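This report describes one protein structure for a reader who is new to the subject. Please look at the sequence and the model below before reading on.

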Amino acid sequence: MTDVPVIAIDGPSGSGKGTVTQMLARRLGYHLLDSGALYRLTALAAQRQGVAYDDVDGLVRVAGSLDVAFQPTPPGEPARVLLDGQDVTAEIRTETCGDNASKVAVIQPVRDALLQRQRDFCQPPGLVADGRDMGTVVFPDAPVKIFLTASAEERARRRYQQLLDAGVDVSIDALLDEIRARDDRDMNRASAPLRPADDAQVIDSTGLSIEEVLGKVMAVAGQA
């Protein structure tokens, strides 16, 4: 697509790819694309505008008009996400918004509306892209493709701890059920199902610290 280097990192929710992607982008001085945030933002913007999740034309309009920006944050914190100039970082990270985003993401016209917007993030000196179809659909020619995964139980445990740390009382069993349902929806959707690209390096982060995962990703990227 361009001569700008792209590192595509795909994987299921809770695998650690968001944190690793931001750390890697900061380490390399690259731009960052959190593609999952675009679907969460579409879901949030649709909700705010009163657009139903089965209104395909309305969702396409919302997706095509998103005013979004990502801002770097200190190590260990998620990138700030701005919608229409407003910080919605915490709002789009709720379980409800994630579930709604997964519903929106199965709609092909919405994916089509967001495709070029994602590719537009590819700017010098390089891009680290986080998502579920970065290596298979959005940046199929990326020289580095990584599929980061972890067991559903591990991902539920991580999310449970995050919510506890944030003062949110939640059932870990309910989280595990939601993660499994989201995995099933993402892996079996007709449009760009969640799967490793044929030339992706699969990294299982179960039981690994974020620093250990970053080390493995850096090694794959040839930057260790």
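In helix α10 (residues 210–220), the buried residues are Val213, Leu214, Val217 and Met218. Viewed along the axis of α10, these buried residues lie within an arc of 135°, so they line one face of the helix; the arc is that of the directions from the helix axis to the C-beta atoms. Here, buried means under 20% relative accessible area, exposed means over 50%, and partly exposed lies in between (1.4 Å probe, protein chains only). Helices (H or I, at least four residues) and strands (E, at least two) are DSSP runs, numbered from the N terminus.

The model is predicted: local features need pLDDT of at least 70, side-chain atom pairs count only at pLDDT 80 or more, and totals for chains, interfaces and linings use all residues. Residues are numbered from 1 along each chain as its sequence is written, and side-chain values use heavy atoms, with hydrogens and water left out.

**Surroundings of helix α10**

Against which elements do the buried residues of α10 pack? They pack against β1, α1 (17–28), β7 and β8 (201–204). Just after α10, Gly222 takes a positive phi of about 75°.

**Leu148 and strand β7**

Strand β7 (residues 144–149) contains Leu148. Leu148 counts as buried because its relative accessibility is 0%. Apart from neighbours within four places in sequence, the residues in contact with Leu148 (heavy atoms within 4.5 Å) include Ile9, Asp10, Gly11, Pro12, Ser15, Gly16 and Lys17. Val20, Ile203, Ser205 and Val213 are also among the contacts of Leu148. Between Leu148 and Asp130 there are 10 Å in space, C-alpha to C-alpha, and the two are 18 residues apart in sequence.

Which strands are joined to β6? Strand β1 (residues 6–10) runs parallel to β6 and is joined to it by five bridges. In this pair, Ile9 stands opposite Asp130. Strand β2 (residues 31–34) also runs parallel to β6, with four bridges between them, and here Leu32 stands opposite Val128. Two strands are taken to pair if DSSP finds at least two bridges between them.

**Salt bridges**

Side chains of opposite charge can pair when their charged atoms come close. A salt bridge is a side-chain nitrogen of Lys or Arg within 4 Å of a carboxyl oxygen of Asp or Glu. A search of the whole structure finds 16 salt bridges, and the table gives examples.

| Salt bridge | N to O distance |
|---|---|
| Arg93 and Asp34 | 2.5 Å |
| Lys103 and Asp99 | 3.5 Å |
| Arg158 and Glu154 | 3.2 Å |

The side chains of Arg93 and Asp34 meet in a salt bridge. Arg93 lies in the loop between α4 (89–92) and α5 (95–105), and Asp34 in strand β2, so the pair ties together parts that are 59 residues apart in sequence. Arg93 counts as partly exposed at 26% relative accessibility, whereas Asp34 counts as buried at 12%.

Lys103 and Asp99 are both in helix α5, four residues apart, which is about one turn of the helix. Lys103 has a relative accessible area of 38% and is therefore partly exposed; Asp99, with 28%, is partly exposed too.

Arg158 and Glu154 are separated by about one helical turn, because they are four residues apart in helix α8 (residues 152–165). Both Arg158 and Glu154 are buried. Salt bridges that share partners also join Glu95, Arg159 and Arg182 into one network.

**The whole chain**

The protein chain has 10 helices and eight strands. Of its 224 residues, 49% count as buried. Its C-alpha atoms fill a box of roughly 45 × 40 × 35 Å, taken along the principal axes. Among contacts between residues at least 6 apart in sequence, 74% join residues at least 24 apart.
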